[in-house]
Amino acid sequence: MPFMPVKFNLQRRVKLAQGLWMLYWFSVIAGILIFSLGIFFKIELRKRSEMMDNNESHLVPNLLILVGLLACGLNAFGGKVCHDSLDPIKFSKWKPMLKTYLLLCCGFNVLLVLVSLLCFLMQFSVYLTLAEGLSYAIRFYKDTDTPGRCFMKRTLDMTQIEFHCCGNNNFRDWFEVQWISNRYLDMSNDVVKDRVLSNVEGKYLMDSVPFSCCNPGSPRPCIQHHLTNNSAHYDYDHRTEELNIWTRGCLEALFSYYSSLMSSIGVFVLFAIILESVDMAGLKYLSTALETMAEPENPECESEGWLLEKGVKETFSDLLTKLKTLGRTNQVEGGDAPEANT
Amino acid sequence: MAVGKVTFSKVEREKLAEVLWLLNWISVVTGTILFGLGLFLRVEIHKWQEVMSEQGILYVPHMLITTGLAACCINFFGGKICLDCADTNKFLRWKLVMMPYIICTFFFTSCVLAGALMCYGIRSQMEESLFMGLRNAMRYYKDTDTPGRCNLKRTVDLLQIQFQCCGNTGYRDWFQIQWISSRYLDMSSSAVVDRMRSNVEGKYLMDGVPFSCCSTFSPWPCIQHHLSTSSTQDEQSQQLNLWRRGCRQALLDHYTGIMQSIGLTVLLIWLFELLVLTGVRYLQTAMENVLRLGDPESESDGWILENSLAETARSNFNIIKNLGKCYQVDDDPNINVPTAAAEEELPS
């Protein structure tokens, strides 16, 4: 008893072949889109790899690129098969390959499910990498003369300006690091000397933030220095002042950007999985419909198409027995040898 | 003596009609490109409209938008006509419309050329507008509580950050205006009051610049205040700390670049339109001559102008003169009565 059988006449077969051909080309476009999304994601990670201490994992974009290319190839082949399916001579070329092709598509679908899962789960890894990377970035902000870190200041300034954020979790992270290099501190000044000496590690700490934390939307000119000292500025209360500098932390800002990117890619991959499954079902129907034609010479005859030749349970038990026998053929069948002798 | 005379056989006429149909459809696409370019320019100007003093510059994108739409319509119509022109019977339908259509297209093509030239010629007007606009924007930078100007501070800050520029011509422009609102100045402080009193107009001027002038390329933390008395660095290295370029120059370069590329594209579109117009003119004259000869299968001549340029100009001028004359009365039966004929009749 076939699983989900459908009767086909010539018209329906032709319609199925044409519709399936269109659908395969949509799937090729979806494959191209996945490929470009993978490249875009890779570029975005590279752009800000300094914020992640060059430690970020490129697994997801690399997988997306691979999957995109595979999707293009598989779906283009499927489209070609559909295009040739109504011509019996051309189709007989492809018939023997169809079983392997459908198995490959199955495997590819499983890979897509895996990629989609990774898109959602790897966000945790991105969060942790960002947290670590940003704390290093803030610490090395002043090292514009150290090779390998001379652009950290510029990258962090531009990130803070672009993402409207300040510091790792908030602007107070800047109070805990010395972000002005010793080269630019006037060591002969008493105030400077006092401050450096009063700190255990000899760091010049102050309650100020870099200019890139300033919010252009603030009605008053930016207050960067002596942020927690209300009396240092006229009509200023640091507890109620919200517009002066960006209050969001760069960790939150960058993570929300990357997580929304990864989530949308994950959703798109899910959509691609559905598309692939529909393609596979359609191709199975088409191939079975063409195989079960009562008179192969007469294209007008009726035929039946199905998804599985037997019911779902029977197919599974068949598959299990096949796997078991595959295992057994590898053992030496010693029981047969004595029988053969007698 | 016709200008640009070419003889067409029947097959050539049909081929010309087909080619022109295709070219007209390509022109519809270029018309949409023109429309898109006009829209793009409009959006770009709108982005920084607050720092431009006059809105007269908007006539360039508006011109491009209308010309683009007109191109789509005219070329769509032209494609339809050219398709019908392959057959002499169908041409009869369009015979009377062809000449006005060609004149219309000629004027429209000159509009496209005008649009392209405007893109190149607008630089000086834009510079003037930017100079005045930026000066006003900087003057009203501090007025974040005045309705209508509350966003100017944000616009100027974002402009300086995005275009990596400071002030109108340079960072010293900020020294000449009060960019800190009096609301945030402690009037009880003697230093503040002294400074304001020492200025003729009572403005609080200082040698500092807003934070948006800070350069991200600078290796050391930004120094925005006490720029004239900075002792830790010398004048030369100080230049690295702030953006060196003036915003007027930055915006002018940005818009000139956009307009030059748009102008070049529009010029190419104009050349293409001219080509299509010439083709349509040849087709029109060839088909009219076929009808005049009476034999649809015969060869016919096509030209751009029937007579030489001077003669055509003269005849057109006469037509315009006579247009005026037709309103005068000159067939009055009571004047110019031949008296000699009347005298002859009487004796006999």
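## Exercises on a predicted two-chain model

The lining of the second largest pocket consists of 13 nonpolar, 5 polar and 8 charged residues. Here Ala, Val, Leu, Ile, Met, Phe, Trp, Tyr, Cys and Pro are nonpolar, Asp, Glu, Lys and Arg are charged, and the others, Gly among them, are polar. The model is predicted: local features need pLDDT of at least 70, side-chain atom pairs count only at pLDDT 80 or more, and totals for chains, interfaces and linings use all residues. Residues are numbered from 1 along each chain as its sequence is written, chains are lettered from A and ligands numbered from 1 in the order in which they are written, and side-chain values use heavy atoms, with hydrogens and water left out.

**Exercise 1.** State which helix supplies the largest share of the lining of the second largest pocket.

*Solution.* 
1. A pocket is an open set of points on a 1 Å grid over the protein atoms alone where a 1.4 Å probe fits, with protein on both sides within 12 Å along at least five of seven lines; lining residues have an atom within 4 Å of a point.
2. The space in this pocket is about 1,100 Å³. Among its 26 lining residues, A:Lys99, A:Lys284, A:Leu307, A:Leu308 and A:Thr315 are closest to the centre.
3. In chain A, α3 (88–139), α6 (250–291) and α7 (312–329) each give at least two lining residues. Helices are DSSP runs (H or I, at least four residues), numbered from the N terminus.
4. The largest share, 8 residues, is from α3(A).

**Exercise 2.** Is B:Asn289 buried or exposed, and what separates its C-alpha atom from that of B:Leu305?

*Solution.* 
1. B:Asn289 belongs to helix α8 (residues 247–293) of chain B.
2. Its relative accessibility is 7%, so B:Asn289 counts as buried.
3. B:Leu305 is 16 residues from B:Asn289 along the chain, and their C-alpha atoms are 13 Å apart.

Notes
Grid points are joined across faces, edges and corners, and a volume is the space filled by probe spheres set on the points. Buried means under 20% relative accessible area, exposed over 50%, partly exposed in between (1.4 Å probe, protein chains only).
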